[in-house]
Amino acid sequence: MPDNSYVLVINCGSSSLKFSLIAPLTGEALLEGIAERLMTENAIITFKYHSNKASQKPNKEQQSQKTILKAPFDHKTAIAQLVEKLKQNQLINKISAIGHRVVHGGEQYSQPTLITEDVKETIKKLSKLAPLHNPANLSGIEVAQQAFKNLPQVAIFDTAFHQSMPEKAFMYALPYNLYQQHSVRKYGFHGTSHYFVSQQAAKKMNKSIEQCSFISAHLGNGCSVTAVKNGKSVDSSMGFTPLEGVMMGTRSGSIDPGIIFYLVEQLNYTLAEVNQLLNKKSGLLGLSQLSNDCRTLEKSALATEDYEKSRLAKLALSVFCFQIAKSIASFSASLTSLDALIFTGGIGENSSFIREHIIEHLSLLNFQLDPSLNLTTRLGKSGNIATKNSRPCLIIPTNEEWVIAEQTYRLIQQLNKSNS
Ligand code: ADP
């Protein structure tokens with residue numbers, strides 16, 4: 001692989017910009033980081049270096065450097081500081097393309113897409129479906145286009161992998177014109193992650209992805225479950241927005257929509273307050289009244305000094321595990337066979353407690369964990385944590401940045417080939 005074939009992956013949010021410089025075929029990251037609290041005077045940018053030579057380890061200071069972001073503290077300044085760092089470290093010439101994570105691709109995009117003016121216009125139009133995400137993703141694209149004028153830029157959509165869902169899975173039982181005229185349907189999110197872990201799971205099982213069926217549970221701050229049949233998504237728990245499905249760190253997941261009328265009509269909530277309640281104040285945080293962080297809740301559930309605090313932490317965790325188990329069981333309706341269940345995301349990869357309490361509801365699907373494998377498989381390890389007689393239950397650490405880098409690289413190669 002030529003020395004300049006690294007891909008700069010950009011994931012731009014409304015107040016943050018994550019970046020990583022990645023070797024697309026191996027997933028090796030040379031530099032990564034995040035600019036946070038953008039648009040405020042407390043904006044900071046953190047750079048984390050990785051040496052590309054195994055023998056030459058970066059020193060502690062190099063490994064993670066936090067720098068105050070210069071005024072006007074915006075995405076453009078963040079990219080400018082990133083460009084400066086890339087130049088200082090002679091990395092700028094290693095970049096062959098930029099890959100952007102874009103949350104919503106609607107029904108238009110099911111593949112990695114070279115960003116043109118038309119594509120930007122469509123991403124802008126799709127902002128009505130993802131008002132918090134697409135405008136931020138678009139501003140990331142625009143500042144990167146200004147900073148890296150000669151490099152191709154590619155969009156990888158979070159919804160793309162789920163475009164293979166059949167109609168019976170993506171339609172809501174609402175008047176049909178809401179779909180036809182206003183695009184109201186299930187889209188599914190976390191697609192890049194579900195794609196990556198199902199590909200890795202097939203490799204682990206020494207089977208081709210076309211011969212495999214999986215249920216994949218991505219459990220992080222956001223959580224979603226997806227059924228993958230022959231390498232394609234056939235159903236997913238998140239819906240029109242990432243609010244649907246299982247409960248999450250601060251999101252409620254699916255609730256009776258009647259609760260919203262009750263909040264507005266009887267308790268005088270405004271729609272903005274309902275939005276805030278369901279997206280930011282519910283889920284693990286709302287039920288426990290303590291935290292959205294699974295580690296904090298696990299500690300509190302075991303603590304004995306405050307009975308009520310511990311009771312609510314246990315309650316939040318048990319509702320969480322039960323909802324996820326029910327979602328996993330329900331996806332068996334989309335499959336005719338099941339090779340393995342996959343856990344990924346910060347909670348799925350690390351919490352033996354959560355995995356145990358999900359699996360205890362799934363004995364009918366022939367899942368049974370090996371307690372010692374469950375305890376020891378964490379911190380970036382992958383493997384099967386089920387007993388020999390059980391259906392496999394795999395831990396696969398996700399790597400969305402690598403997928404974005406690889407798909408960007410392959411698309412550019414393909415376009416170069418067809419142009420030559
Ligand atoms: P995001 O969706 O923001 O990318 P992550 O995938 O990093 O989030 O997941 C964050 C969640 O993972 C938090 O709830 C955190 O408590 C949980 N988590 C991380 N490490 C552990 C651990 N060792 N045990 C339990 N939960 C963990």
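In the predicted model, the ligand is surrounded by 14 residues, and the closest of these are N221, D293, C294, R295 and G346. Sorted by class, this shell comprises eight polar, four charged and two nonpolar residues. An N or O atom in the side chain of N221 lies 3.0 Å from an oxygen atom of the ligand, and R295 places a backbone N or O atom 3.3 Å from an oxygen atom of the ligand. A nitrogen atom of the ligand, in turn, is found 3.5 Å from a polar side-chain atom of R378. Taken on its own, the ligand has 590 Å² of accessible area, of which the protein covers 71%. Two elements, α11 (294-302) and α13 (345-350), each give two or more residues to the shell around the ligand, and of the elements it is α13 that gives the most, with four residues.

At the level of the whole chain, the secondary structure comes to 16 helices and 14 strands. The radius of gyration is 22 Å, close to the 22 Å that the globule rule gives for 420 residues, so the protein is as compact as a globular protein of that length. The C-alpha trace spans about 55 × 55 × 50 Å along its principal axes. The domain assignment divides the protein into domain 1, covering residues 6-157, and domain 2, covering residues 207-400, and the centres of domain 1 and domain 2, taken over C-alpha atoms, are separated by 29 Å.

Two open sheets are described here, beginning with the sheet that contains β1. This sheet has eight strands in the order β5-β4-β3-β2-β1-β6-β8-β7, and its pairing is mixed. Its edge strands, each of which pairs on one side only, are β5 (65-68) and β7 (113-114). Parallel pairing is seen between strand β1 (residues 6-12) and strand β6 (residues 95-102), which are joined over five bridges, with V9 standing opposite G99 in β6. Antiparallel pairing is seen between strand β2 (residues 17-22) and strand β3 (residues 29-36), where the number of bridges is six and L21 stands opposite L31 in β3. The hairpin formed by β2 and β3 has six residues between the strands, and within this hairpin G27 takes a positive phi near 80 degrees. Strand β3 is also joined to strand β4 (residues 44-49), again by six bridges and in the antiparallel sense, and in this pairing I34 stands opposite T46 in β4.

The other open sheet consists of six strands, arranged in the order β11-β10-β9-β12-β14-β13, and likewise has mixed pairing. Here the edge positions, with pairing on one side only, are taken by β11 (232-236) and β13 (383-384). Strand β9 (residues 213-219) and strand β10 (residues 223-229) run antiparallel and are joined by seven bridges, and S216 stands opposite T226 in β10. As a general point, strands of a sheet pair through backbone hydrogen bonds, either parallel or antiparallel.

Notes: Residues numbered from 1 in each chain as written. Predicted model: local features only at pLDDT ≥ 70, side-chain atom pairs only at ≥ 80, totals over all residues. Heavy atoms only, no water. Near = heavy atom within 4 Å. Polar contact = N/O pair within 3.5 Å; in protein donor to acceptor, adjacent residues only side chain to side chain. Areas by Shrake-Rupley, 256 points an atom, 1.4 Å probe, with all protein chains shown as cover. Nonpolar A, V, L, I, M, F, W, Y, C, P; charged D, E, K, R; others polar. Domains from an automatic or database assignment. Pairing = 2+ DSSP bridges. Rg over C-alpha atoms; globule rule 2.2 N^0.38 Å.
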